[in-house]
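Colleague: I would like to go through this model with you. Can we take the terms one by one and set each against its cut-off?

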Amino acid sequence: MREELAPELQRLRAPNPGPLTGTGTNTYLVGGGPFAVIDPGPDLDPHLDAILRATGGAISAILVTHSHLDHSALVPRLTRATGATVYAFGPSGAGQSAVMAALGDGIGGGEGADPKFCPDIRVAQGEVIDVGPDRFTAHHTPGHFGNHLCFEWRDALLSGDHVMGWATTLVSPPHGDLTDFMSSCARLADVSARIFYPGHGEPVTEPGERIAELLAHRRSRETQILAALKASPGTAGEITARVYTDVAPALWPAAERNVLAHLIDLAGRGIVAHGGHLTAESTFSLT
C-alpha cells in the first residue's frame, strides 16, 4: 500500500515481514516525477510492480542506504525497467573498517549481504545528489554495514537501518562494527533533521531522543557483558545466554552477533582479551 508521509514523500512497504525486518522494508518515493527511489527493497515481483505503478516508471535516480538484500536486491530489475542511475557509497565491501577487514575467516557473519551490488555512482561523505528540484546530502554512517549512508532531504533524514524506532540495530561483524556504530550515532546527533524515515518501521519523530536511547542501550549492554565476564570468561554464545535473558530465543542468533561486536570493540580498547586468532568461537576474558 502506498502512503503519503509528507508532500512529495511516499512510502511503499515491501511484503517481507520478519523478526529482523519488522513489518517489512520501507521503500521511499521522493518527488513528483521523475522520482528518486530510496531503497528499492527485496527482489519480489509484487514490490517491483507496486513501485512501477506508483511512479509510472518515471524514476531517474535510485539511492541505496546499504547493500543488505532486503534493501538492494531489487536494484537490477528496477534499473532495467527504468534506466535510473544508482547512487550508493560502494559495493558490499566498501567502508569496512580495517579492524573488520583483518578478521578473515572464522568470524562468520555476512548474513544478508548483497554480493553483486555495485552502484553506478559512488557517493562520499557530505556529497550532494541533485534529482530534479530535490537535493540529498549523503552522510556516511558505518556501523550496521560499512557502506551505510543516510540521506538528508529538506528537514528530514532517510536513516536506513542505522536509526529505527521499532528496534535497535543489528551489528554483526564483519560488515557490522560497533565502534563505527557509536561514532556514526554521535555524528547523526549533529544533523538538524526534524524527523527520521527509517528502513523499517514508522517515522522517528524525536530523533535526538532516539539516538540518545540507542547510545544508552549499547552502553548498558556493554556493562552487562563486562559483568558477565567478571563472573567468568566465555564465548559470545555463552555470554549471550547470560545477558540476553529478556529476548525471545528466535532472536538469540542476532543477539549473539551483537555481543560479538561488543567483544571486538572491547578488545580493540584493551578491556578484554582472547587467546589466539579471533573467531566466532573465541573465549574472552577481562584483561
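Modeller: Let us start with a list. In α8, the buried residues are A254, A255, R257, N258, V259, L260, A261, H262, L263, I264, D265 and L266. Keep in mind that this is a predicted model.

Colleague: Why are these residues of α8 called buried?

Modeller: Buried means under 20% relative accessible area. The residues listed for α8, including R257 and D265, are classed as buried, so their values fall under that cut-off.

Colleague: What makes α8 largely enclosed by the rest of the structure?

Modeller: The count does. Of its 17 residues, 12 are buried, so α8 is largely enclosed.

Colleague: Which elements do the buried residues of α8 pack against?

Modeller: They pack against the helices α4 (98-101), α5 (178-188), α6 (207-231) and α7 (236-243). The strands β13 (272-274) and β14 (284-286) are also on the list. Contact here needs heavy atoms within 4.5 Å.

Colleague: How do you know what span to expect for α8?

Modeller: Take 1.5 Å times one less than the number of residues. Helix α8 covers residues 252-268, and 24 Å is expected for its 17 residues. From first C-alpha to last, α8 reaches 24 Å, close to that expected span.

Colleague: What comes just after α8?

Modeller: G270 does, with a positive phi of about 80 degrees.

Colleague: Why is M182 called partly exposed?

Modeller: M182 sits in helix α5. Its relative accessible area is 21%. Buried means under 20% and exposed means over 50%, so a value in between is partly exposed. M182 therefore counts as partly exposed.

Colleague: Which residues is M182 in contact with, leaving aside its neighbours within four places in sequence?

Modeller: L215, R218 and R219.

**The whole protein**

Colleague: How do you know that the radius of gyration agrees with a compact globule?

Modeller: For 287 residues, a compact globule would have a value near 19 Å. The protein has 19 Å, so the two agree.

Colleague: What share of the residues is buried?

Modeller: Buried residues make up 54% of the 287.

Colleague: How many helices and strands are there?

Modeller: The protein has 8 helices and 14 strands.

Colleague: What share of the contacts with a separation of 6 or more links residues 24 or more positions apart?

Modeller: Such pairs account for 63% of those contacts.

Conventions:
Residues numbered from 1 in each chain as written. Predicted model: local features only at pLDDT ≥ 70, side-chain atom pairs only at ≥ 80, totals over all residues. Heavy atoms only, no water. Helix = DSSP H or I, 4+ residues; strand = E, 2+ residues; numbered from the N terminus. Buried < 20%, exposed > 50% of the residue type's maximum accessible area, 1.4 Å probe, protein only. Rg over C-alpha atoms; globule rule 2.2 N^0.38 Å.
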